[in-house]
Structure formats: C-alpha cells, structure tokens
Amino acid sequence: MAELDNWSSNASDAIVISVVSPTAEGAITTVSKFHPKFTYSIFGDEERIFGYQKLHINLRYNANDMRPHLGIQYKKKFQAVGETEPDDIKKILKEFLPEVAFQKASEFEAAIKAVPESWTPPGEKVASFPSTKDDSTMEMWKANLADPAVKQLVSRIQILVSFFIEGGTFLDVDEDDANRWTIYFLYCRKSDPKTSKQIYEFAGYCTLYSFYMLQLPTPPASPAQDGSGRTAAKDDLDLGDGNYDLSQLPCRSRISQFLITPQYQGQGNGSRLYGELYKQYLNHPQTIELTVEDPNEAFDDMRDVCDLTYLRTRPDFQKLRINSDIRLPKNGLVPKNILDPSLYDNIRRAAKIAPRQFARVVEMHLMSRLA
Ligand code: ACO
C-alpha cells in the first residue's frame, strides 16, 4: 500500500495553469502561472492522480483568445498490475477541455503566433477602467453565447470554473436556448514595453441569463391540469397567437458564474466587473431584479460592499431611518414598520435588488450607523 502511495500525486500541486503570449522575437513568454484551488470534480474527492512519479501537468493558455494546450510530463509511469493501472489523464481531461487542447505543442505555438495583432475580445466593449495595479486598462466586453466565437471562448475557459468555484457547474454551450446567456468578459489591455503592441490578457468572466416573469392579462396562472398541484409555468402557458415579444417581458436576470483569474484578484476587478454589470441591468427596463445563483462567501462579501456603496449614493436611501417612536413588542420580533415600509420597498424595487439581499445590506448600513 505504502509503495502505491509513491505513485500518487496531489492534483492541485501537479497542475500548473500558465498564461502565455508570443513575443515579437518569435518566442513564447509566460505572463502568469497559478495552481487550481479545487480538482475534486475532475480527479475525485481525494484530489489525487495515480500512476506517475514527478508528475507535471502544464495547462497553457494563450493570453488573448485562451486557446489551451495540455502538456503532461513525468519521470516514471506505473506499470499496470491487474486492475491497478495509472489514471488516463488525457481521457479524464477530455470531458473538461475542448479538442484543441490536445493538439501537438508545435501546433499550439504556431496557432497563437498567427493570431492577428488586431485581435479583440468577442462582443462589444461596454466599459473600461484603469487597473489599480499598473498603467494597463481593464475592459469589459459583453457578448451572447449564440455567437460561435463566444461559444469557443467559453468552452476553452470553463475548466476554470471547476478549478476555482466550489460546486460550480458547466454551461452547456450547445444548448438550444444559447442566446438567453449573456457573457461579460473582463480583459486587461496593456502595451508591450518593447514593441508598444497592444496585448489583451483574459482576466475573468461572468455568465448571466434572464428568465421571464409572466404577467399575462389572461388567463391567470392556475394549477396544472395533470393533478400534480403545481402552478402553471411558462412552458405550460398557451401564448395564444404568439403575439408576445419575449424580449419585452419583465424578467429576472441572474448571475450564474463569476470568476476573476488569480493574478487579477484582490485588486478591485471583481467589484468593478460586478458594479458595471449591475449598472447595465439597472438601466435595462425589462429587468425587475438582478439575482445571483448559489453565491459563495467571497462573492457575497464583494457584492455586499458593492451594493452598499451604490445604495449610499441614492438620496432616498440616505433617508431610511429607524423609526424610534416604535415600541419593540415583548415577543422579540422586529416590527415591520421599524423602517418606513413604503420607502423601503420603493428603494428596493428601484435598485432591483432581491428582498433578502436588500434586507442584509440595509441591516449592514443601519448597524454601521449605530456603531
Ligand atoms: N487593492 C487591493 N485590494 C483591493 C483593491 C485594490 N485596489 N480593491 C479591492 N480590494 C480588496 C477588497 O476590499 C476585497 O477585500 P476583502 O476580501 O478583505 O473584502 C478584496 O480585494 C476582493 O475584492 P475585489 O478585488 O474587488 O474582488 P476580486 O477581483 O478578487 O473578485 C471573486 C472576487 C469574484 C470572489 C474572485 O476572488 C474569484 O473569482 N474567486 C474565485 C472564483 C469564485 O469564488 N467566484 C465566485 C463564485 S460564486 C458565483 O459564481 C455566483
């Protein structure tokens, strides 16, 4: 047993993600390097890879179009004994990486050198802001998953969700409803000190979809006819002569995946990306609420600060005060009218923040004022 342990490697240590870029001299330079945080969804709960000694898995990404290349090196490979055989790393990773990642290194290098200088991220540029780290500029590009260039980019970077978001799920880039997905890409644009050539480096992305809140005049939502007792949903409803323009219906817009790559974390980039996209949905007439699917603690912390910062810029929010005339009942429950209920509700609706999140941020605001 102990002997077999010599053939087992910690997957997160063995995998190195390197962001690379071709130089003017025709070489390939490494821009940044980092290890994954999680590998359990790929290599199992133990996060180990069996069958190799001195295993080194280099997942290279071209900095701009995120073309991947997988390189596997090791000193020794375990000779199969009965059913005990080395893990087939390529086969395992084929489920998580597109075919292009498995090409020869020479093909990868030739392809990334051939990317034109005029390359820009897919979609349209919707915002930009200066980097807090150096004199580069962060750019936010908005795109739709139905665009083949976006599908290609998302399929290349999705493995990062498994590597950095606990419980994160893959997006089906080939789903029929691909156009319901909006993707915001965050890129860092800098100029090469030697050539002044503009270089784009991928820094993160966010996926988001909208679902409609049907408020049809007739008929009202009614229990389904199949005896299940459930309420009729969008798919059950007869849209009659089809005269409804879905893009005009009120909807909830939901952030699904949100990721900043490690070399760009902790510099305010996540907050800016969230803040800019929040602004976009605040100005999107059909969006009633901007919500988040399964946020983790790090995301919640970031969002709380962003939401509070925004709300404090609103004059109506500044007016929100604890009604000190109210007597607290003996049952210990906080009465609903401790804050002006209609002001509270109007701000929440105008800010398009979901009830629980809004209550949390208001509490943070009031507590900080009391402190
Ligand atoms: N210099 C230094 N620190 C800064 C600066 C700056 N200029 N600006 C902000 N910070 C601090 C913030 O105050 C904050 O500090 P805190 O952690 O003590 O509160 C911290 O940096 C993080 O804020 P940002 O830099 O704005 O956030 P970041 O760019 O790191 O993004 C995120 C946060 C999205 C959680 C990122 O770390 C990440 O992608 N992690 C891995 C994936 C992940 O967990 N994604 C969310 C999953 S949930 C979902 O997908 C819905």
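**View 1. Strand E13 gives the most to the shell around the ligand, with five residues.** Strands (E, at least two residues) and helices (H or I, at least four) are DSSP runs, numbered from the N terminus. The model is predicted: local features need pLDDT of at least 70, side-chain atom pairs count only at pLDDT 80 or more, and totals for chains, interfaces and linings use all residues. Residues are numbered from 1 along each chain as its sequence is written, and side-chain values use heavy atoms, without hydrogens and water.

**View 2. The shell holds 22 residues.** The closest are Ile-260, Gly-266, Gly-268, Gly-270 and Ser-271. By class, ten are nonpolar, eleven polar, Gly among the latter, and one charged.

View 3. A ligand oxygen lies 2.8 Å from a side-chain N or O atom of Asn-296. Alone, the ligand exposes 990 Å² (Shrake-Rupley, 1.4 Å probe). The protein buries 65% of that.

**View 4. Elements around the ligand.** Strand E13 (251-260), helix H8 (269-282) and helix H9 (297-311) each give two or more residues to the shell.

Notes
A residue is near a molecule or strand if one of its heavy atoms lies within 4 Å of it. A polar contact is a pair of N or O atoms within 3.5 Å; within protein, one must be able to donate a hydrogen and the other to accept it, and residues adjacent in sequence count only if both atoms are side-chain atoms.
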